[in-house]
Amino acid sequence: MTETTNAFDIAQGQFDHVAELLNLDQPVREMLRWPTREFKFQIPVRMSDGGTQVFFGYRVQHNDARGPSKGGIRFHTSETMDTVRALAMWMTWKCAVADIPLGGAKGGVAVDSATLNRDEKERLTRGWIGQMYRNIGPRLDVPAPDVGTSPQMMGWMMDEYSKLAGEYTPGVITGKPVGSGGSKGRTEATGYGVVYTIRETLQHLKLDAGKMSASVQGFGNVAQYAARGFTEQLGGTVVCVSWWDNKERRAISVSSDKGLDIAFLQSITDQYGDIDQEKAQEAGYKLEDADAWLSKDVDVLIPAALEGQLNGETVHKISDKVKILAEGANGPTTQEADAVLNERGIFTIPDFLCNAGGGTTSYFESVQNDMNYYWSKGEVLERLDFKMTEAHRRVLEMSTNEGVPMRDAAYMVAIGAVVEAMEMRGWL
Ligand code: NAD
């Protein structure tokens, strides 16, 4: 039988596995392996050439037992109801494992953001709110950015919602630009959060951070700050990053055995995470094929692009030297690949623990919106470090006590918290 790379199959498979370990009752399993509510809708957009194009939008609210549901909006060509369902489910576990009082949701539009001009993008984002505004809100469901969406787009969405609601409502959406209700530190939050969990793992494994090397898939928001934090905060070296080149329509890796200058790479990268090949070569870096990032002789692998990238086929390309897999992306590893990683003793920091920094700082943004009082960047990052360190400690403790891999342990912590909230609310 061929392995599934369908994200929702992976999410349900992971859940079923831990539901069995926890011996969950059947009704609880049914409630949690499917979303509570799903929306699919058309968004007609007037394009700049005068024509109209119809896009499909999605929002899935997986579970809101612990608080208003929370999760990003992704603009990507391969967006389907199943990718959104999977990402919504992972958001429930992410908020629970990070111990923030929110549930899980996700949204999206099947579109290639890079093909739209600024005006078209604005009309599409406002159109998404036009379809969803009755079913989102600061106490109901709070969207945020994800792949293909930006703080500016969140600003437009907040404005559209505020117009429809008849009052300024910054708390309806997070990831807004700073100065427009956004939180300082949000841009760095997910990548830095990845680094805090790597730091805690290195400490646990008694490895010297300064001697560590890493290879990264992706060079967007998460990857850039994970790479920066890995070099600047931990003193490690990043030897390879990869990206999806929008002009050539293929993935490319860029590498240097001596280590890449991440701030320089950021300066030659556009808003979609697309690196200028010529400038990279001029700097003496090597351009390699898509999977080169995966087979590097490094200590830490950081997939930070899309789901299903480590699967039964690609997992065998991983070097024997790799000790830690830090899942910056959501759902980068299939169950088949996961089994191989466990067998090989590679320490996995599972996605919804590893990349919980974005959701956590989004929650901080809502808190600041509610208070109408804003924290300094240092204060945000300090609180983030505390939350991430605590979450890592809880999961590691569960993993040690129960003798299970970190992914199962993270699920046990998260499912336990969600089921407890459902019981307290009388749903079970
Ligand atoms: P982004 O749009 O900023 O960047 C995505 C990057 O992945 C780009 O550099 C793109 O070129 C690259 N990419 C796409 N396809 C690729 C391929 N086949 N091979 C190599 N590179 C490829 O997105 P992001 O916000 O950095 O999100 C990345 C991942 O992290 C996603 O799984 C997302 O759901 C997850 N995530 C993001 C956040 C956040 O706060 N941004 C929070 C939690 C999880």
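This report describes the cores, helices, salt bridges and backbone features of one predicted model.

## Basis of the values

Because the model is predicted, local features need pLDDT of at least 70 and side-chain atom pairs count only at pLDDT 80 or more, whereas totals for chains, interfaces and linings use all residues. Residues are numbered from 1 along each chain as its sequence is written, and side-chain values use heavy atoms, with hydrogens and water left out.

## Nonpolar cores

The largest nonpolar core contains 71 residues. A nonpolar core is here a set of buried Ala, Val, Leu, Ile, Met, Phe, Trp, Tyr and Cys residues joined through side-chain atoms within 4.5 Å; buried means under 20% relative accessible area, exposed over 50%, and partly exposed in between, with a 1.4 Å probe and protein chains only. Trp90, Trp93, Ile198 and Ile302 have the most contacts inside this core. Its largest share, 12 residues, is supplied by helix α14 (residues 406–424). Helices (H or I, at least four residues) and strands (E, at least two) are DSSP runs, numbered from the N terminus. In soluble globular proteins, nonpolar side chains tend to be buried together.

Residues up to four places away in sequence aside, Trp90 touches Ala7, Ile10, Ala11, Gln14, Asn330, Gly331, Asp351, Phe352 and Tyr411; contact means heavy atoms within 4.5 Å.

## Helix α12

Helix α12 (residues 356–371) has 16 residues and reaches 23 Å from its first C-alpha to its last. This is close to the expected 22 Å, a span defined as 1.5 Å times one less than the number of residues. Of the 16 residues, 12 are buried, and α12 is thus mostly covered. Among the buried residues are Gly357, Gly358, Gly359, Phe364 and Glu365.

The buried residues of α12 pack against β3 (69–76), α3 (81–97), β5 (141–145), α6 (186–204), α11 (351–354) and α13 (377–402). After α12 comes Asn372, with a positive phi near 55 degrees.

## Packing of α1 and α14

Helix α1 (residues 7–21) packs against α14 at an angle of about 75 degrees, and their axes are 10 Å apart. Axes are lines fitted to C-alpha atoms, for helices over the stretch in contact, and angles run from 0 to 180 degrees between N-to-C directions. The two helices, α1 and α14, are therefore roughly perpendicular, a class that covers 65 to 115 degrees; under 35 counts as roughly parallel, over 145 as roughly antiparallel and the rest as oblique. On the α1 side, Ala11, Gln14, Phe15, His17, Val18 and Leu21 meet Arg407, Asp408, Tyr411, Met412 and Ile415 of α14.

## Salt bridges

The structure holds 34 salt bridges, each defined as a side-chain nitrogen of Lys or Arg within 4 Å of a carboxyl oxygen of Asp or Glu. Arg407 and Glu327 form one of them, at 2.8 Å from N to O. Arg407 lies in helix α14 and Glu327 in the loop between β11 (324–326) and α10 (335–343), so the pair ties together parts 80 residues apart in sequence. Both Arg407 and Glu327 are buried.

Within helix α13, Glu390 and Arg393 lie three residues apart, about one turn of the helix, and their side chains meet in a salt bridge of 3.0 Å, N to O. Glu390 is partly exposed at 24% relative accessible area, and Arg393 is partly exposed at 38%. Salt bridges that share partners also join Glu122, Arg126, Asp159, Glu160 and Lys163 into one network.

Arg249 forms a salt bridge with Asp112, with the closest N and O atoms 3.5 Å apart. The pair links distant parts of the chain, 137 residues apart: Arg249 is in the loop between β7 (237–245) and β8 (250–255), and Asp112 in the loop between β4 (103–110) and α4 (118–132). Asp112 is buried, at 19% relative accessible area, whereas Arg249 is partly exposed, at 45%.

Most residues other than glycine have a negative phi. Arg249, however, has a positive phi near 55 degrees. Asp99 likewise is not a glycine and has a positive phi of about 55 degrees. Asp99 lies in the loop between α3 and β4 and is partly exposed, with a relative accessible area of 39%.
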